[in-house]
Structures are given as C-alpha cells and as structure tokens.
Amino acid sequence: MFNTGKFVGKTVLITGASRGIGKEIALKLANDGANIVVAAKTATAHPKLPGTIYTAAEEIEKAGGKALPCIVDVRDEASVKASVDEAVKKFGGIDILVNNASAISLTDTESTEMKRYDLMHSINTRGTYLMTKTCLPYLKSGKNPHVLNISPPLLMEPRWFANHVAYTMAKYGMSMCVLGQHEEFKPHGIAVNALWPLTAIWTAAMEMLSDKGGEAGSRKPAIMADAAYAVLSKNSRDFTGNFLIDEDILKAEGVTDFERKTMFLCRYACVPGAPLMPDFFIPSGTYDHKFSTGATFGKKKVAHEAGVIEEEIKQTFESAKRLLNGDIVKKTGFVYQFILKGNLLSDPVTKSERFITLDLKNGDGEIIDNQSCHKPDVKFTLAPEHFAPLFSGKLRPTTALMTKKLKISGDMPGAMKLESLLRKFTEGKL
C-alpha cells in the first residue's frame, strides 16, 4: 500500500516501537512525515535482539519523520505519564496511539508461574488501559484521533484458551478495551480499533525463539504496517469498534497480490509460495483454505490403516535414533513426551493411549516406546497418524498446533527448540 501523505505533521505514540511490528508501523507513518514517539523499554542493545529506542528513532528520522525516543515501562504509571507529557511538550499534542507492547508465554495453567501471569496482564491489559487513559485528554483534541490496539478478535473458542489460558486472557484484555472504549469515546470522535495478523509475522524475536524455524510460513511486519496505515487513514468518527485482520483490511483497499514484489523483494511473504502458518486467534472456517496442509482445516484426515501407521512409527524410531548424541543433548536440554491418542494403535482393544518419550536432556539421549515419563518438560498430544509426519518435516509442530492436530503443554520455548531441531534434521544439517 502506497503512502499518501495523510500523516504529515501528526503525532503518533507507539508502544513497543523499538523493533518488530511497532517499529515497522512507525517507519510507515514516518514516510509521510509523521512525528513518532518511540515508547519502549529498550534503551540498551539486547544481546540477541537488534534495536533500541535510539536506533529506531534514527531510522524514523531517515525515513522522513521526526522522532522522540522515550524509555517507557507501560506497567508504571509515572513512566507512562512522563512519556506522554514529553510528547505533548515536544510536538504539541497526540493524534494517534498504537498499543503494540505485549508479553507472551504460551504455557498451560500448571506451568505458568504467577510472576509470568502478572507480567502478561500488567503489560498487555493494564498497560494498554493505562496508556490509553493517559493519552485520552490529548486525543480528544487530536486531528482524526485513533487508538489502535494490536490485539485479536474476541473469539470465545475453547481451543484459544485451553493451551495457554493466561496469555489468552491477557491478550483478550486488550481487545476488551476496544470493545468498551470505542463506544465510550464516540462522543469525542476518537476511533478505537483492533488489528491482528492472519499469519505468523516474522520478527527478530520470532527468529530468536524458533531458531529460524518458521520463516517460510510467515509474512513480514510490512503487512501489519500497511494495514495499520489503512486503518488510521479512516475517518475516526465513522470507522471504530472493529476487530480487523491485516489481509482483510488490505483487500478492502484494493490489494490483491500478497506475494507481490517491490524493488525485486517480496513485500509481504518471507518465502513466496510457501504454505502459510496461521497466527493464534484466527476464526476457523473463514480462512481454512489459506492453511491447507493436505486436509481441510478443522476436519479430520481420513485415517490410515493401523498396520501402515505402525510401520511409519517404527521407521520414525530408527530415524530419531540418528538424532541421539551428547552434542544434541547439550544443545537441546529437554525431555519430550508424545501422547498418541485415537483408535489407530497397534493394540486398539486394550490401549487408548501410547506414550513415546524423547529424552534430549540426559546422557547421550534416548527414545522410549510405550513408557510414560513422570516429568517431561514438554507434552505433545496427537493422533497416531500425525506422529511420523511430525518427525519427517511434512507437518510442522506450529502448523499442527494451529490446525488442531496437536496439543502442546509445558515449556513452549522447548517445543519450539524441538521444531528447529527436527527441521535441521530433515534438511540434513545435523
């Protein structure tokens, strides 16, 4: 989506703008000549993640905007107020607020420490509410004022709660702010909308967590920046209270090719033509065709015969043994348990579950069949016919999770580490 100059001279405060989606939105608006308040905690460089509020400010200035880097902890009221006061002092007001700062931990109830629960709720829900409340007096006198929360549609589907209820509650809290505040702020002409990506978005943080394991199925942050630009261009009195998906908003603006190239580089797709990986909180049904993996999304694949599946599992065992050595154990450091549920088992009459343990934490590693592990770091629950594809690379854990073929509980970074390991194994890089 091309810049139209609509944001020249407007002041935009963006939380979490030192990198990722927040910075990409900042740069998009800076191309119009906007004033950008870079509100984030990152004042010094992270050892594994590039970017600080100061490097982001430099990029914004080079893009044609004006920048104000502010060290902000959205959990702290004094910190938030100081950043808003500084923005108003420098630029004269605030026209747009983008609540992008967020914390994530994809853990189940038993595995979620309360300090992690408190962190997510303090940043996601409370931080969004606090920043919006603090900016509100200035948004009331802003030019075409908007609040845009980077948060999902409010889907009351158990699958979006069961595996990581703490994170879902915290993220949905941001969306509940949209639900209530868009109506509350209508008399002031302030729009409040939510924007969420259809697919996984490839950022430096994603790269660090997954060891480059999901880039092929992801899109670049540019798609969220273009979608945000379109939303923030709307008349604030008419376009409010919406829960938007990036691809949908861009289609409404006339974008038809999401693998189009600009200056010989693909604008959105990380790897053009690669099967896309859905993000969390995407409604089933509407977008199923986008994420086809050989079977209709949300419907069970026709089962293989038990004997064929048993042979595939045996072959997988032989392949998995090739993973086992001290170096892999040292690099991984997790015990994984696979719980195979369904009727397609070697002895379906007497067994309803089959346990397979992959120990990549102790000694030279070990893979054990039909023995439950007392305290695995990560549990994968899946149908027997999906076990072999998971190891062969035909089915990625992340894709299986999104398409309801897999349930993951325990240490999510550990699960992502296994995905990276399996990818390297199938590519012959181990």
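1. Two strands pair if DSSP finds at least two bridges between them. Helices (H or I, at least four residues) and strands (E, at least two) are DSSP runs, numbered from the N terminus. In S7, Ile245 is the bridge partner of Trp196. Strand S6 (residues 191-196) and S7 run parallel and are joined by 3 bridges.

2. This is a predicted model, in which local features need pLDDT of at least 70, side-chain atom pairs count only at pLDDT 80 or more, and totals for chains, interfaces and linings use all residues. Residues are numbered from 1 along each chain as its sequence is written, and side-chain values use heavy atoms, with hydrogens and water left out.

3. The open sheet has 7 strands in the order S3-S2-S1-S4-S5-S6-S7, with parallel pairing. S3 and strand S7 (243-245) stand at the edges with a single partner strand each, so one side of each has no neighbour in the sheet.

4. Ala40 has Ile71 as its bridge partner in S3.

5. Helix H4 (residues 114-139) and helix H6 (residues 165-184) have axes that come within 8 Å and cross at roughly 10 degrees; axes are lines fitted to C-alpha atoms, for helices over the stretch in contact (heavy atoms within 4.5 Å), and angles run from 0 to 180 degrees between N-to-C directions. H4 is therefore roughly parallel to H6 (angles under 35 degrees count as such). Among the residues that meet are Tyr117 and Met120 in H4 and Ala166 and Tyr167 in H6.

Methods. Angles under 35 degrees count as roughly parallel, over 145 as roughly antiparallel, 65 to 115 as roughly perpendicular and the rest as oblique.
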